[in-house]
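Hello,

Here is the structure I promised to pass on to you. Have a look at it first, and then read my notes below.

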Amino acid sequence: MSNIKTVGVAGSGTMGTGIAIVAARAGMDTLVYDTQQAALERARRQIEGFFGKSVERGKMTAEVKAAAMARIRFTTTLDDMQPCDLVIDAVFEDLKVKHSLFGTLDKVCPAHTIFASNTSTLSITEIAAGSGRDDRFVGMHFCLPAQLMKLVEMSPGLNTSDATFAAAWSACEALGQRPVKTKDNPGFILNYFLVPYNNDAIRLVEAGVAEPADIDRAIKVGLGYPMGPLELLDLIGLDTQLLLCDALYGVTHEPRAACPPLVRRMIAAGHLGRKSGRGFYTYNNDATFGG
Ligand SMILES: NC(=O)c1ccc[n+]([C@@H]2O[C@H](COP(=O)([O-])OP(=O)(O)OC[C@H]3O[C@@H](n4cnc5c(N)ncnc54)[C@H](O)[C@@H]3O)[C@@H](O)[C@H]2O)c1
C-alpha cells in the first residue's frame, strides 16, 4: 500500500511524457513540469493521442480517458510542484541541470516528498548529493517507451534510507510497474546488455551490410523482438545513446560499448531520432508510441 498520491514529473521530453502517462493512468494526480512551454504542449498532444488510441482500441473508455487527462496538470513554474509526494526527474542528462532542479525542489516540496531520478548514466549518489535530501533520494530507471514497458530498475544511493527505498518501491508497484533492485552502477542491468547490442546494429549500417529497415525486420522476424534496434535507437535518441556509450565504455572498456562514429555524425547533423523528426527513419513529430 503506497502513500504516494501526487506524482511530479520534471522534464516532458521522451521519458517524462511516458512517465506522466503511467502516473495518470494509475490514478495519481500528476504534475508535469518543464522549462519549455513548447515541450509541455507537445507532451500534452502526445498523451492525449496515446489515450485516444487506447479508446479506439477498446482498452479504455472515453470517460476513463477524460478522467486521466483531468488528473494531469502542465506547468513551467517549479513552485507548482509543492503538492508532490514523489518527484521523478526526466530532465536533460546533465549533473549540473539535475542538481539545480533538485536543489530548488528541496525548498519547494515538503520534507516527506521523495525525489527520484530516471537517469540512465549518472550516479544516483552524485545526483542525490546536490538534492538537499540524499536520504530521501532513489534511482527509478524506467524503460523506453515508459507507457508500454513495465520494468523499472530501482537503485538506492549510498545514503538512501531503507524507508525511502521501500516507499519508492511501493509507489512503483502502485504505478502498475514491475521494479527490480540494482546497484547504483553505469548501465544498471538492462543497458549493460542493450548498449553493445544497439552499437552492433549501428556498425552494420556503417559498414553498409544492410539498410536499417532490413536489420530491424531481421531482428523482429528472426528473434521475435517487438522492435528492431534502429527503431529503438530512434526512440532512445542518438544523443542519449552517445551518453550511454561513454558511461558504459568508461567503466567496462568493452569495445562493443564504444560509440560508433556514425552516432556523432548523426548528432552533428541534428538526426537525433524521433524527437528531432529524423534519425535512422523520418517521423511526424506528434506521434507517440502505443495506446
Ligand atoms: N531516452 C531514453 O531512452 C531514456 C531511457 C531511460 C532514461 N532516460 C533518462 O531520462 C532523462 C530524460 O531523457 P529524455 O530522453 O526524455 O530527454 P529529452 O531530451 O527527450 O527531454 C528532456 C526534457 O527536459 C526538459 N528540461 C531540461 N532541463 C530542464 C529543467 N531544468 N527543468 C525542467 N525541464 C527541463 C527539456 O526541455 C526536455 O523537454 C535523462 O536523465 C535520461 O538519461 C532516457
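Is I189 buried, partly exposed or exposed? With a relative accessibility of 38%, I189 counts as partly exposed; buried means under 20% relative accessible area, exposed over 50%, and partly exposed lies in between (1.4 Å probe, protein chains only).

Before you go on, please note that this is a predicted model, where local features need pLDDT of at least 70, side-chain atom pairs count only at pLDDT 80 or more, and totals for chains, interfaces and linings use all residues. Residues are numbered from 1 along each chain as its sequence is written, and side-chain values use heavy atoms, with hydrogens and water left out.

**The loop between β8 and α7**

I189 sits in the loop between β8 (178-181) and α7 (190-206); helices (H or I, at least four residues) and strands (E, at least two) are DSSP runs, numbered from the N terminus. The loop between β8 and α7 also holds F188. F188 has a phi near 45°, which is a positive value in a residue other than glycine. F188 is buried, as its relative accessible area is 8%.

**Two other loops**

H253 also has a positive phi without being glycine, with a value near 55°. You will find H253 in the loop between α10 (238-252) and α11 (261-268), and at 51% relative accessibility H253 counts as exposed.

Finally, look at the loop between β6 (137-142) and β7 (151-156), where P145 lies. The peptide bond from L144 to P145 is cis, and its omega is near -10°.

Enjoy exploring!
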